[in-house]
Amino acid sequence: MAAAAAAVGVVALLLLLPLAASAYGDGLGRAAVGVNWGTMTSHPILPCEVVRMLAANGVARVKMFDADPWTAAPLAHTGIQVMLAVPNDQLARLAGDPRRAYRWAEQNVSAYLEAGVDVRYVAVGNEPFLKSYNGSLINVTFPALKNMQRALDKLGLGDHVKAVVPLNADVYNSPENKPVPSAGSFRKDINALMVDIVNFLNMNNAPFVVNIYPFLSLYQNPNFPLNFSFFDGGSKPVYDKGMVYTNVFDANFDTLVWSLRKAGVPDMKIIVGEVGWPTDGDKHANVRYAQKFYDGFLKKMVRNIGTPLRPGWMEVYLFALIDENQKSVLPGRFERHWGLLTYDGKPKFSMDLSGDGLDNLVGVEVEYLPAQWCVFNKDAKDKYKDLPAAVNYACSNADCTPLGYGSSCNNLSHDGNISYAFNIYFQTMDQDVRACSFEGLAKITTINASQGGCLFPVQILSASERVVPLRFLPTSFLILLMVVSILT
């Protein structure tokens, strides 16, 4: 009964959401700016609240990284166009058996469309050809893509919903001795495969989805000109076959255009699946640079400037909506700080997603745990004996990336670093008193431990249960529920 009542409550929330859809206005006629909504966080904000925030900001497109009904359900009847996703760890199964792809499309795409979710794309994997994967997904991505598109066609959805593969911009490049867009082509090790993929996508009227990160150009190359990452024309331009490039985004995008031309699909539609700037975790990842990047980028989008080779309207998805404290930091500590909003749904800076020039990004209202912090107990006996192990344990189980070089908490004192580690672990563990012990090395205080520009956060009261409307559950699960209710 409790589960049924909760489901009814979620349905009631869904019925309210269409009222907020009017906030979108005619945004699709101007810049098609969407957002990426990831959920790799220890304390997710309730999806229904996130969707209300999207509506309030005029966001009409959302790209997701799975097909979880917990996040998909609140998008029903909102007018938001959705890109669902098949995670990389499912590609081999979809590639090896067309029936699995059919069932996935039936249980997710068909069911969601019937429930009122406006699904437009299915992302088959995410950046599967990254060099860091050591080729592990090269042989399964294209078969999985073909099986998914054929499944959508079988279900009669192929004209409305397209299977795509979001790819990192490292799948194409220009030679070091000629670093201009016109010299670009797909990477040599995957060139033949990429030619097959783009021709298949083009044949099915599906777009090429590319993730472009000017920040990474700066992060990976210490000699990269800083101002070329932005859009204010403060850097020396690049000239190429009559085209003038004043920023790396345009140059990167047009390198892809040239690569598509050489692959035989010169007019293929391109969607920028991810673009953004992190705000912590590196010396160049900060709020000042992020705001500068977004100010220039969004003005460019609203004015439909496009790029030198593809002037005009573009479809882009900003990365990302909210900070995610459980993302892998192998690419860099900045990976957990791409959000437009902080972990608790607060805008990091003023910006305008709708294109109205209001600079009034709306956040999410959340509830917090009690205003208390866990800090280093300087009065503890033998306080430095077990300290390294305690700090290592805390940072292995919570997010200490702000303590890194060039990050927001890099200037803390020795004791401040310890307190930050203890507190972030304490908050991640929902302020459990046992999480602020460390054999007597830590203590709880009600005095805000934040120092200077370093925030010692208080965790939010997160969703304790994931509840989805019954209509989003697989038929097999509904049958099981009926059997259980009969037997009990």
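The lining of the second largest cavity divides into eight nonpolar, five polar and two charged residues. On those classes: Ala, Val, Leu, Ile, Met, Phe, Trp, Tyr, Cys and Pro count as nonpolar, Asp, Glu, Lys and Arg as charged, and the others, Gly among them, as polar. This is a predicted model, where local features need pLDDT of at least 70, side-chain atom pairs need 80 or more, and totals for chains, interfaces and linings use all residues. Numbering runs from 1 along each chain as its sequence is written, and side-chain values use heavy atoms, without hydrogens or water.

Back to the cavity. About 100 Å³ of space lies in it. Fifteen is the size of its lining: of those 15 residues, Gly38, Thr41, Pro44, Ile45 and Ile322 are the closest to the centre. Helix H2 (47-56) and helix H3 (69-72) are the elements that give two or more residues to this lining. In total, the structure holds three cavities of 30 Å³ or more.

Terms, quickly. On a 1 Å grid over the protein atoms alone, a cavity is a set of points where a 1.4 Å probe fits but cannot get out; a pocket is an open set with protein on both sides within 12 Å along at least five of seven lines; lining residues have an atom within 4 Å of a point. Points are joined across faces, edges and corners, and a volume is the space filled by probe spheres set on them. Helices (H or I, at least four residues) and strands (E, at least two) are DSSP runs, numbered from the N terminus.

Stay with H2. Seven of its 10 residues are buried (under 20% relative accessible area; exposed is over 50%, partly exposed in between; 1.4 Å probe, protein chains only). They are Pro47, Cys48, Val50, Val51, Met53, Leu54 and Ala55. Gly58 follows H2, with a positive phi near 70°.

Now the second largest pocket. It holds about 680 Å³ of space. Of its 28 lining residues, Asp323, His337, Thr342, Tyr343 and Leu455 are the closest to the centre. Where does this pocket lie? Domain 1 (32-345) and domain 2 (371-464) both give residues to its lining, so the pocket lies between them. Those bounds come from an automatic or database domain assignment. Helix H12 (residues 414-428) gives the most to the lining, with four residues. By class, the lining has eight nonpolar, 12 polar and eight charged residues.

Next, the cores. A nonpolar core is a set of buried Ala, Val, Leu, Ile, Met, Phe, Trp, Tyr and Cys residues joined through side-chain atoms within 4.5 Å. The largest has 119 residues, and Met148, Phe186, Phe208, Phe297 and Leu318 have the most contacts inside it. Helix H9 (residues 248-262) gives the largest share of this core, eight residues. Take Phe297. Beyond neighbours within four places in sequence, Phe297 is in contact (heavy atoms within 4.5 Å) with Phe231, Phe249, Val275, Val316 and Leu318. A second, separate core has 30 residues, including Ala394, Phe422, Tyr425 and Phe438.

Last, the backbone. The peptide bond from Phe319 to Ala320 is cis, with omega near 5°. Ala320 is in the loop between strand E13 (315-318) and strand E14 (373-376). Asn205 is not a glycine, yet its phi is positive, near 55°. Asn205 sits in the loop between helix H7 (191-203) and strand E9 (208-211). Is Asn205 buried or exposed? Exposed, at 64% relative accessibility. Lys241 also has a positive phi, about 50°. Lys241 is in the loop between strand E10 (238-240) and strand E11 (243-245), and is exposed, with a relative accessible area of 62%.
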